[in-house]
Amino acid sequence: QVQLVESGGGLVQPGGSLRLSCAASGSRFSINDMGWYRQAPGKQRELVASITRGGMTNYSDSLKGRFTISRDNAKDTVYLQMNALKPDDTAAYYCNAKGTSGLFRIPFDSWGQGTQVTVSS
């Protein structure tokens, strides 16, 4: 099993910035894609951004230019830098990782527990 632990959420004023981190742990695993999703109350979970092991990124069109995803493969950690935050960005942010684990390279698709981001004055 691969566990993901997010950190960095909190309360921020409109126009402010936050940086989320998500670290993976486990044994004998290799992560291919990592990503961030978010879910606001009453809404479906949506993709924020994703990044491949090689660094190719994909963003929600509505968030391009304000959010930046990056990763440190050596630390099995993915980051989300969020700038110019708006009240509409308020949501629970979830980390996702896809890869293989174990001696037989069993595919996995793991989620973190979520970290709350609240944008409010």
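## Strands and the basis of the model

The structure is a predicted model, in which local features need pLDDT of at least 70 and side-chain atom pairs count only at pLDDT 80 or more, while totals for chains, interfaces and linings use all residues. Residues are numbered from 1 along each chain as its sequence is written, and side-chain values use heavy atoms, with hydrogens and water left out.

## The disulfide

A search of the whole structure finds 1 disulfide, a term that stands for a pair of cysteine sulfur atoms within 2.5 Å. The two partners are C22 and C95, whose sulfur atoms lie 2.1 Å apart, and the link is left-handed, with -80° about the S-S bond. Because C22 belongs to strand β3 (residues 18-25) and C95 to strand β9 (residues 91-101), the pair ties together parts that are 73 residues apart in sequence.

Are these two cysteines buried or exposed? Here buried means under 20% relative accessible area and exposed means over 50%, with partly exposed in between (1.4 Å probe, protein chains only); by these cut-offs both C22 and C95 are buried.

Two strands are said to pair if DSSP finds at least two bridges between them. Strand β4 (residues 29-39) and strand β5 (residues 46-51) run antiparallel and are joined by 5 bridges, with Y37 standing opposite L47 in β5. These strands, β4 and β5, form a hairpin with 6 residues between them, and G42 in the turn has a positive phi of about 80°.

Strand β5 is also joined, by 3 bridges, to strand β6 (residues 57-59), and these two strands run antiparallel as well. Within this pairing, S50 has N58 in β6 as its bridge partner. The hairpin of β5 and β6 has 5 residues between the strands, and G55 takes a positive phi near 100° there.

## A network of salt bridges

Side chains of opposite charge can pair when their charged atoms come close. A salt bridge is counted when a side-chain nitrogen of Lys or Arg is within 4 Å of a carboxyl oxygen of Asp or Glu, and by this rule the count comes to 3 salt bridges. Which residues are linked in a network of salt bridges? They are R38, E46, R66 and D89.

The side chains of R38 and E46 meet at 2.7 Å, N to O; R38 is buried, with a relative accessible area of 9%, whereas E46, at 33% relative accessibility, counts as partly exposed. R38 also forms a salt bridge with D89, the closest N and O atoms being 2.9 Å apart. This second pair links distant parts of the chain, since R38 is in strand β4 and D89 in the loop between β8 and β9, 51 residues apart. In the salt bridge of R66 with D89, the closest N and O atoms are 2.8 Å apart. R66 lies in the loop between β6 and β7 and D89 in the loop between β8 and β9, so this pair ties together parts that are 23 residues apart in sequence; R66 and D89 are both buried.

N96 lies in strand β9 and, at 2% relative accessibility, counts as buried. A polar contact is a pair of N or O atoms within 3.5 Å; within protein, one must be able to donate a hydrogen and the other to accept it, and residues adjacent in sequence count only if both atoms are side-chain atoms. The side chain of N96 makes such a contact with the side chain of K98 (2.7 Å), and a polar contact of 2.7 Å also joins the side chains of N96 and D109.

## Backbone angles in the loops

Most residues other than glycine have a negative phi.

Methods. Helices (H or I, at least four residues) and strands (E, at least two) are DSSP runs, numbered from the N terminus.
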